[in-house]
Amino acid sequence: MKTIVITGATSGIGLALVKAYLSEGHQVFACGRNMASLDALAHTRLTPLSFDIGDKQAVLAACSQLPAIDIAILNAGSCEYIDDAKHFDSALFERVIHTNLIALGYCLEGLLPKLGKHSQLSLMGSSASYLPFSRAQAYGSSKAAVGYLARSLALDLKAHHIEVSVICPGFVKTPLTDKNDFAMPMLITSEEAAQYIYKGINKHKKEIHFPYKFTLLLKLLAMLPNWCWEKLAMRMST
Ligand SMILES: NC(=O)c1ccc[n+]([C@@H]2O[C@H](COP(=O)([O-])OP(=O)(O)OC[C@H]3O[C@@H](n4cnc5c(N)ncnc54)[C@H](OP(=O)(O)O)[C@@H]3O)[C@@H](O)[C@H]2O)c1
């Protein structure tokens, strides 16, 4: 039995991950703010922890209660789009960067002392960071930074025998994407996403990306010259 901590565990991909790890017999510390879905699970191997990841003191206090952790999945995040780039909404930008990136720093400060030799740390990025998308200045920037953070951490935590991976999903049906007003090709369920992540972590993958047809297509498009992608992206956004 392993001890897992998952942030953003109250809905969508995080909640599906909680269920996947519980069903495999692991002990799960599940974090979020709205505890209703976790309380409803009422599982003996599940400990819900309620705190706002944007509140540094709350994060450090919650992490100090944790035992040694085998796997930490820092999944909590939010998404908002910038509708009018010419009138840049810096408050929105700050909100998204704070939740998706700065708060990750709080979680890392609190959790890394709990991660010992042969533990695994997985950060939730996004395949949206492979290419620049229209209206995604805040979300895409935050997730591109998460990708860099994971790869850079992997270098320095290797000496401590802590493996670091980044998770880059395509579109997953969750409360976050239910708000989207555009087509989401190759949309998968949060249960399918959780299985990709579960298997990816078990296989010690450095980058867990899925669904493969979608993420490989994005990786190929990212190899195009920028002018070529700009033309395509403009066509997609009109
Ligand atoms: N769905 C997709 O297509 C997709 C694709 C790529 C990447 N992702 C990433 O996957 C992660 C999970 O997203 P999801 O799609 O599963 O969305 P979701 O259902 O909205 O889940 C977001 C989770 O993050 C938590 N959270 C957000 N802000 C928080 C805060 N300030 N403090 C504590 N918890 C907070 C939420 O908890 P509370 O509601 O309880 O606060 C919730 O459990 C996000 O990082 C997202 O960017 C999603």
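Colleague: Is Cys-228 buried, partly exposed or exposed?

Modeller: Cys-228 is partly exposed, with a relative accessible area of 23%. Buried means under 20% relative accessible area, exposed means over 50%, and partly exposed lies in between (1.4 Å probe, protein chains only). Before we go on, this is a predicted model, where local features need pLDDT of at least 70, side-chain atom pairs count only at pLDDT 80 or more, and totals for chains, interfaces and linings use all residues. Residues are numbered from 1 along each chain as its sequence is written, and side-chain values use heavy atoms, with hydrogens and water left out.

Colleague: How many disulfides are there?

Modeller: A disulfide is a pair of cysteine sulfur atoms within 2.5 Å. By this rule the count is zero. Take Cys-63: the closest cysteine sulfur, in Cys-107, is 6.0 Å from its own, too far for a bond. Cys-63 is buried, at a relative accessible area of 4%.

Colleague: Let's turn to helices. What span does helix H5 reach?

Modeller: Helices (H or I, at least four residues) and strands (E, at least two) are DSSP runs, numbered from the N terminus. The expected span of a helix is 1.5 Å times one less than its number of residues. H5 covers residues 137-157, 21 residues, and reaches 30 Å from its first C-alpha to its last, close to the expected 30 Å.

Colleague: Which elements do the buried residues of H5 pack against?

Modeller: They pack against helix H4 (90-111), strand E5 (115-124) and strand E6 (162-169), where contact means heavy atoms within 4.5 Å. Among the buried residues of H5 are Tyr-139, Lys-143, Val-146 and Gly-147.

Colleague: Which residues line the largest cavity?

Modeller: On a 1 Å grid over the protein atoms alone, a cavity is a set of points where a 1.4 Å probe fits but cannot get out; a pocket is an open set with protein on both sides within 12 Å along at least five of seven lines; lining residues have an atom within 4 Å of a point. Here the lining of the largest cavity is Leu-74, Ala-76, Asn-100, Leu-104, Met-124, Lys-143 and Val-146. H4 and H5 each supply at least two of its residues. Its volume, the space filled by probe spheres set on grid points joined across faces, edges and corners, is about 30 Å³.

Colleague: And what is the volume of the second largest pocket?

Modeller: The second largest pocket has about 240 Å³. Of its 17 lining residues, those closest to the centre include Gly-147, Arg-151 and Glu-207. H5 gives the largest share of this lining, seven residues.
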